[in-house]
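Student: I'd like to go through this model with you, a bit at a time. Could you start with how the elements are named, and then take my questions as they come?

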Amino acid sequence: MQQEEIIEGYYGVGAERKKSGMYAKLDFLQSATGLILALFMIAHMFLVSSILISDKVMLAVTKFFEGSLFIKAGEPAIVSAVAAAVIIILVAHAFLALRKFPINYRQYKIFQTHKYLMKHGDTSLWMVQVGTGFAMFFLASVHLFVMLTAPHSIGPHASSYRFVSQHFWLLYIFLLIAVELHGSIGLYRLAIKWGWFKDLGIDQLRKIKWGMSVFFIVLGLLTYGSYVKHGIMQKGEIASMQQAVQADEQLHKD
C-alpha cells in the first residue's frame, strides 16, 4: 500500500493535508445511482399499472419493451438485460449508501439522541429511508432475479398467476410500500442536497414529496388489487405458469 493511501486511511486527509475528493465523488455516485433507480421506479409503476386499463394494454406495454417494434414476437432477453442493469445499479447504490448507515449500537444511539434533541423531520425521514432501503435490498433482489431469469413470464395472465398461485402477493405488498417511500424520500432529499427547485422552498418540496408518496402508494395498491383479482379469477382455468404464458401469447396473437 502506498504511503499516501496509508495516511489517508488513518487521518482522512491526503499527504498534502487536504481532504480527499473521494468522499465527494462517492456522494455524487450515490446520488446519481439513487436518481436513476427513483426514475426507474416511477416509470415501472406507470407501466405495471397499465393493467388497470385492460389486459391488452398491459400486454402491449410488455411487448413494446421486448422490442416488438423491431421483433414481431418480442424478445424477452431485452427484459433480462434491463433487469441485469438495474441489479448492478441497485447493488452499487446499496454499497455506497452503507457508508452512512449506523453500523453498531453506539452509532445508532448517537443518531437517536441527535434526532430526539433536534426534533428535525428530515432526520426522521432519513431513518425511514435507511429502514426501507435495507428492506428493498432483499425484497427487490427476489423480484429482479425473477425478471432476470424468467422474462417471458410477464403479462396479464402470467404476472397475475405469479401474484396469487405462486404467492408473490406477500413479497410485493412489502416491496410496494418500501419502494414508494424510499423513492419519494430519496428524490426529496436529492432536491434539498443539490439545490434543485430551490425556488419552491422546503415546505413546498415536502408537500410534493408526501403527494408523491400518497399517489404512488394508492396507484400501487390499485394495481396490486387488480393483479390479485385477475389471479383469483383465472385460478380455475390456469394451473401452471406455462399455461399462463400461453394464454398471454394467445392474447397477443388475437
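Tutor: Helices here are DSSP runs of H or I with at least four residues, numbered from the N terminus. Please keep in mind that this is a predicted model.

Student: OK, then which helix is Ser-160 in?

Tutor: Ser-160 is found in helix α7, which covers residues 156-164.

Student: And is Ser-160 buried or exposed?

Tutor: Ser-160 is buried, because its relative accessible area is 0% and buried means under 20%.

Student: What is Ser-160 in contact with, leaving aside its neighbours within four places in sequence?

Tutor: With those neighbours set aside, Ser-160 is in contact with Ile-51, Gly-155, Tyr-227, His-230, Gly-231 and Gln-234.

Student: Switching to the core: which residues have the most contacts inside the largest nonpolar one?

Tutor: That core has 33 residues, and those with the most contacts inside it are Ile-42, Phe-163, Tyr-172 and Leu-175. Two or more residues come from each of α2, α4 (77-97), α6, α7, α8 and α9, with the largest share, seven residues, coming from α8.

Student: What does Phe-163 touch, not counting residues up to four places away in sequence?

Tutor: On that count Phe-163 touches Phe-168, Trp-169, Tyr-172, Tyr-224, Tyr-227 and Val-228. There is also a second, separate core of six residues, which includes Ala-158, Tyr-161, Ile-238 and Val-245.

Student: Now the loops. Which loop is His-167 in, and what is its phi?

Tutor: His-167 sits in the loop between α7 and α8, and although it is not a glycine, it has a positive phi of about 65 degrees. His-167 counts as exposed because its relative accessible area is 55% and the cut-off is over 50%.

Student: And what about Phe-197, where is that?

Tutor: Phe-197 lies in the loop between α8 and α9 and, again without being a glycine, has a positive phi of about 55 degrees. Phe-197 counts as exposed, at 56% relative accessibility.

Student: Which residues form the nonpolar surface patch with Phe-197?

Tutor: Phe-197 forms this patch with Phe-28, Leu-29, Trp-194, Trp-196, Leu-200 and Ile-208, and together they have about 700 Å² of accessible area. Of these, Phe-28 lies in helix α2 (residues 22-48).

Technical notes. Residues numbered from 1 in each chain as written. Predicted model: local features only at pLDDT ≥ 70, side-chain atom pairs only at ≥ 80, totals over all residues. Heavy atoms only, no water. Buried < 20%, exposed > 50% of the residue type's maximum accessible area, 1.4 Å probe, protein only. Contact = heavy atoms within 4.5 Å. Patch = residues over 30% accessible without salt bridge, like charges linked within 9 Å, V, L, I, M, F, W, Y side chains within 5 Å. Areas by Shrake-Rupley, 256 points an atom, 1.4 Å probe, with all protein chains shown as cover. Salt bridge = Lys/Arg side-chain N within 4 Å of Asp/Glu carboxyl O. Core = buried A, V, L, I, M, F, W, Y, C linked by side-chain atoms within 4.5 Å.
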